[in-house]
Amino acid sequence: VGLIVLTIYVNPLPPGTVDLATGQDGASYTNIAEKFQTSFKEKGIHLNLIPTSGLGEGLKGLESDASKVSASFLTASDISAKQYPELVSLGSIQYAPIWIFYKGETVQTNDPFEYFSTKKIAIGPAENITNKIFKDLYLLNQKNTPSGDNFVELPFKRAADQFIQGNLDAVFIVDSYQSETVQRILATKDVKIMNFALADAYIKKMPFLQKLVIPKGSIKLDSVFPAEDITILSSTTTLLVEKNMHPAIQWAYLLSAK
């Protein structure tokens with residue numbers, strides 16, 4: 001009995017309920033979280049999903065002692081592990097492509113951010129990781145942060161609605177191809193995907209980025225969309241947890257991710 005009590009004291013039993021921040025409605029993370037929830041249930045653990053305005057809010061929840069959040073997805077950016085010594089990454093679980101959707105004639109430019117600096121473009125909610133990545137990329141060439149009424153800070157779903165209705169010239173989104181919002185926009189008539197001609201140069205400046213190529217006709221084979229190979233930038237989605245999380249719960253997250 002003494003040995004059992006000592007074992008539980010040193011390595012207590014895992015909690016029956018854990019909390020995961022899922023990000024904003026319409027993003028891919030909600031679907032991933034729901035699959036995690038099913039996987040956890042099979043292991044006898046209840047995974048409580050906590051919607052947030054964005055992954056940045058999930059990160060704040062992880063930091064706060066008052067928050068129940070013990071895990072969150074996070075889009076890789078210039079955030080350093082040294083800034084969050086109490087958190088640990090369990091690894092990347094998917095690509096998070098950087099999309100600039102627009103309509104009209106095909107735009108060919110070395111600097112998409114200069115081109116859209118005078119257009120009405122949705123750039124993600126304030127203090128959201130998507131918003132931060134847009135501003136960081138914009139700053140590289142424009143040497144100043146975006147300002148003006150044409151830079152609209154909207155959640156993904158509302159941005160997609162406004163774009164589809166013709167109230168926006170473009171939408172900037174950082175999320176996977178499987179995202180509900182990305183799929184809605186791709187189904188829109190005459191939509192175009194911005195090509196990053198200087199992708200390698202951006203990666204040199206921001207090493208957390210990667211280069212992806214969307215092959216000609218790979219999205220819609222019958223109508224050959226896109227009409228040519230498109231080069232885009234991409235981040236990755238990481239699963240962050242509290243460093244002191246019970247090892248059994250961390251293992252459950254890893255098995256779910258697999």
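Some ground rules before you click. This is a predicted model, so to speak of a local feature we need pLDDT of at least 70, side-chain atom pairs count only at pLDDT 80 or more, and totals for chains, interfaces and linings use all residues. Residue numbers run from 1 along each chain as its sequence is written, and side-chain values use heavy atoms, with hydrogens and water left out.

**Stop 1: helix α3**

Select residues 55-63, helix α3. Helices here are DSSP runs of H or I with at least four residues, strands are runs of E with at least two, and both are numbered from the N terminus. Leu 55, Gly 56, Gly 58, Leu 59, Gly 61 and Leu 62 are buried in this helix. Buried means under 20% relative accessible area, exposed means over 50%, and partly exposed is in between, with a 1.4 Å probe and protein chains only. Now show what those buried residues pack against: β1 (17-23), α2 (28-42), β3 (71-75), β4 (87-103), α5 (129-142) and β10 (230-242). Contact means heavy atoms within 4.5 Å.

**Stop 2**

Rolling a probe the size of a water molecule over the atoms shows where empty space is left. On a 1 Å grid over the protein atoms alone, a cavity is a set of points where a 1.4 Å probe fits but cannot get out; a pocket is an open set with protein on both sides within 12 Å along at least five of seven lines, and lining residues have an atom within 4 Å of a point. Points are joined across faces, edges and corners, and a volume is the space filled by probe spheres set on them.

How many cavities of 30 Å³ or more does the structure hold? One, and the largest cavity has a volume of about 70 Å³. To find it, select its lining, including Gln 24, Tyr 29, Leu 55, Asn 128, Phe 156 and Val 174. The lining has six nonpolar, five polar and no charged residues. For those classes, Ala, Val, Leu, Ile, Met, Phe, Trp, Tyr, Cys and Pro are nonpolar, Asp, Glu, Lys and Arg are charged, and the others, Gly among them, are polar.

**Stop 3**

Next, select Gln 94, Tyr 95, Ser 176, Tyr 177 and Gln 178. Of the 24 residues lining the largest pocket, these are the closest to its centre. The volume of that pocket is about 500 Å³. The elements that give two or more residues to its lining are α2, β4, β9 (210-214) and α9 (247-257). By class, the lining has 14 nonpolar, eight polar and two charged residues.

For the second largest pocket, about 350 Å³, pick Thr 106, Lys 192, Ile 193, Phe 225 and Ala 227, which lie nearest its centre among 20 lining residues. Strand β8 (residues 191-193) supplies the largest share of the lining, three residues. This lining has 10 nonpolar, five polar and five charged residues.

**Stop 4: the rings**

Rings of Phe, Tyr and Trp (its six-membered ring) pair if their centres lie within 6.5 Å; planes under 30 degrees apart count as stacked, over 60 as edge-to-face and the rest as tilted. That rule gives 16 aromatic pairs. Zoom in on Phe 113 and Phe 134: their centres are 5.5 Å apart and their planes at 65 degrees, so the pair is edge-to-face. It links helix α4 (residues 112-115) with helix α5, 21 residues apart, and both Phe 113 and Phe 134 are buried.

Phe 172 sits in strand β7 (residues 170-174), 38 residues from Phe 134.

**Stop 5**

Where is the cis peptide bond? It joins Phe 225 and Pro 226, with omega about 0 degrees, and Pro 226 is in the loop between β9 and β10. Finally, select Glu 127, a residue other than glycine with a positive phi, near 65 degrees. Glu 127 lies in the loop between β5 (121-122) and α5, and counts as exposed at 64% relative accessibility.
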